[in-house]
Amino acid sequence: MSRYFVDRISRRLALCFGTVAFLILIFIAVFILKGSLPALGEIGVADILFSTEWYPSHGAFGIFTMFAGSVVVTILALAIAVPLAVGCAIFLAEVAPCRIGNMARPAIELLVGIPSVVYGLVGMIVLCPAIAHLSGTGSGSSVLAAAIVLAIMVLPTITSISEDSLRAVPTLYKEGALALGATHWQAVYHVLLPAARRGIVAAVVLGTGRAIGETMAMVMVIGNSPILPTSIFAPARTLTGNIASEIGAATGMHESTLFVTGLVLFVLIMAINSVGLLLNRRKK
Amino acid sequence: MEFKMQTRELEFYYGKVQALKKITLGIKEHQITALIGPSGCGKTTFLRLLNRMNDVVPDTHLIGEVLLDKQNIYAPQVDVVEVRKRVGMVFQQPNPFPKSIYANVAFGPRMLGLSDGTKLDEIVEKSLRAAALWDEVKDNLGKSGMVLSGGQQQRLCIARVLAVEPEVILMDEPCSALDPLSTLRIEDLMRELKTKYTIVIVTHNMQQAARVSEWAGFFLLGELVEYDKTSELFSRPKNKRTEDYITGRFG
């Protein structure tokens, strides 16, 4: 068999695999869209997206409550996780002695692999009672509990990618800064961090995606009641939780609005990725 | 003449590997000292000890002293940041920060706490002029330093060092990544700069050492084989190994 033949075949094969991945994406998008169409047509986009009334048994299908729940929990989680994760990445890449770094790195990567139900369990058993104690009311299942669990879950992702991108900055930059009389922290803050910005933004985007999509742990600690979150101690429900807890028994219009919920998630993730791309493209 | 910098019985180790063996060498003020020798001979390691740049390399240690104006820069009470401010460094690979030309030159003064815009403007212009780059970039100070040519980038890095007003400038093979014309420009620049600064240059290029320096040291396998006036070292080397190296018998 001539090597040109192999070359041609492998190129074709690569093309096939690429196409399959792309087709799967298209298929999912079409599938969700098709499932959503009845609800979108009958109830209308605005009434689903902007209504806070979610009483499927009474024909009220507003998902704004869950949308707000997802967004609020994710923003809170990122507000906790991003400073911690970037700080941790700086520690590992710049401050920690080799031995500590080499021990911490695999441990952090292991955290990514722990099933989310385990995080949820710890949240339920440890975090919720503490929050109940703190707020003085309820079971502690709340936006705050969800945000903290979520923050812990995305922490390793953001940390390890940020650390990689900090390490990828050429040593020459850091040495250049030090040779000009910058302190170590000045070199990190003014040279290393800006140079690693792309990677850190990518890490945050990935973390956000994971946060938006997280289901199991959210169902377990957020209380999962479709109430507009007005306080961090109040329970709420996320878009993902909405689908997971109702799809089993849903039929007809109810089922179709759950597809719309999925569509909203799909669009949210795409929007986050686009924002990430945009942030990285601006000001080369 | 006084020595601006001096090393005394300086030894340096990477882990257990000895990279420098008892180097004693004096660097004269307002002159150019060239360090030559084959790759791996320790000349760059030596240069980086003069502004404590090797502090950032893990698992290394040093024995001996490096004096700057008679003060040991490795003494415990010495502030390493202060040392690096007084002893600036230009690297082998031009390494402008991914920032504008202006921000590159203003970086050092800013880090030292200067925020006055007009003062910074002055320093930036003065430094770029001193580095013979002003006329080429004065209309594009906002452009990224990364878009300049290699030779311009290296002059930008020199300007960046000058902005901090150091006393000594260390140059680690500053021309090895540049074409011959850019190299000549940097050499001219060095001759101008030595009236105000003390310069130590590491170079692979013996012609370059002969062209620009007053003093030259030949390093081999971590040892300072010979140190003398450049004219002496190149015309009448006292050591057989120096002679073999500069006549091209090895290296």
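This is a short tour of a surface patch on chain A and several salt bridges on chain B, in a predicted model.

**Stop 1: the nonpolar patch**

Begin with chain A and select A:Val117, A:Val118, A:Leu121, A:Val122, A:Met124, A:Ile125, A:Val126 and A:Met216. Together these residues form a nonpolar patch on the surface, with about 690 Å² of accessible area. Which helix gives the most to the nonpolar patch? Select residues 116–135 of chain A: this is helix 5, which contributes 7 residues.

Now pick out A:Ile125, which is placed in helix 5 of chain A. Is A:Ile125 buried or exposed? Its relative accessible area is 60%, and because the cut-off for exposed is over 50%, A:Ile125 counts as exposed.

**Stop 2: B:Arg86 and B:Asp69**

Over all chains, the structure holds 27 salt bridges. For one of them, go to chain B and select B:Arg86 and B:Asp69, whose side chains meet at 2.9 Å, N to O. B:Asp69 has a relative accessibility of 38% and counts as partly exposed.

**Stop 3: B:Arg155 and B:Glu136**

Next, select B:Arg155 and B:Glu136, which form a salt bridge with their closest N and O atoms 2.8 Å apart. This pair also links distant parts of the chain: B:Arg155 belongs to helix 6 (residues 150–162) of chain B and B:Glu136 to helix 5 (residues 134–137) of chain B, 19 residues apart. Which side of the pair is buried? B:Arg155 is, at 5% relative accessibility, because buried means under 20%. B:Glu136, at 33%, counts as partly exposed.

**Stop 4: B:Arg191 and B:Asp188**

Move on to helix 7 (residues 180–193) of chain B and select B:Arg191 and B:Asp188. Both residues lie in this helix, 3 residues apart, which is about one turn. Their side chains meet in a salt bridge of 3.0 Å, N to O. B:Arg191 is partly exposed at 32% relative accessibility, and B:Asp188 is partly exposed at 42%.

**Stop 5: a network**

Finish by selecting B:Lys4, B:Asp69, B:Arg86 and B:Glu167. Salt bridges with shared partners join these residues into one network. B:Arg86 and B:Asp69 are the pair from the second stop, with their salt bridge at 2.9 Å.

Conventions
Residues numbered from 1 in each chain as written. Chains lettered and ligands numbered in written order. Predicted model: local features only at pLDDT ≥ 70, side-chain atom pairs only at ≥ 80, totals over all residues. Heavy atoms only, no water. Patch = residues over 30% accessible without salt bridge, like charges linked within 9 Å, V, L, I, M, F, W, Y side chains within 5 Å. Areas by Shrake-Rupley, 256 points an atom, 1.4 Å probe, with all protein chains shown as cover. Salt bridge = Lys/Arg side-chain N within 4 Å of Asp/Glu carboxyl O. Helix = DSSP H or I, 4+ residues; strand = E, 2+ residues; numbered from the N terminus. Buried < 20%, exposed > 50% of the residue type's maximum accessible area, 1.4 Å probe, protein only.
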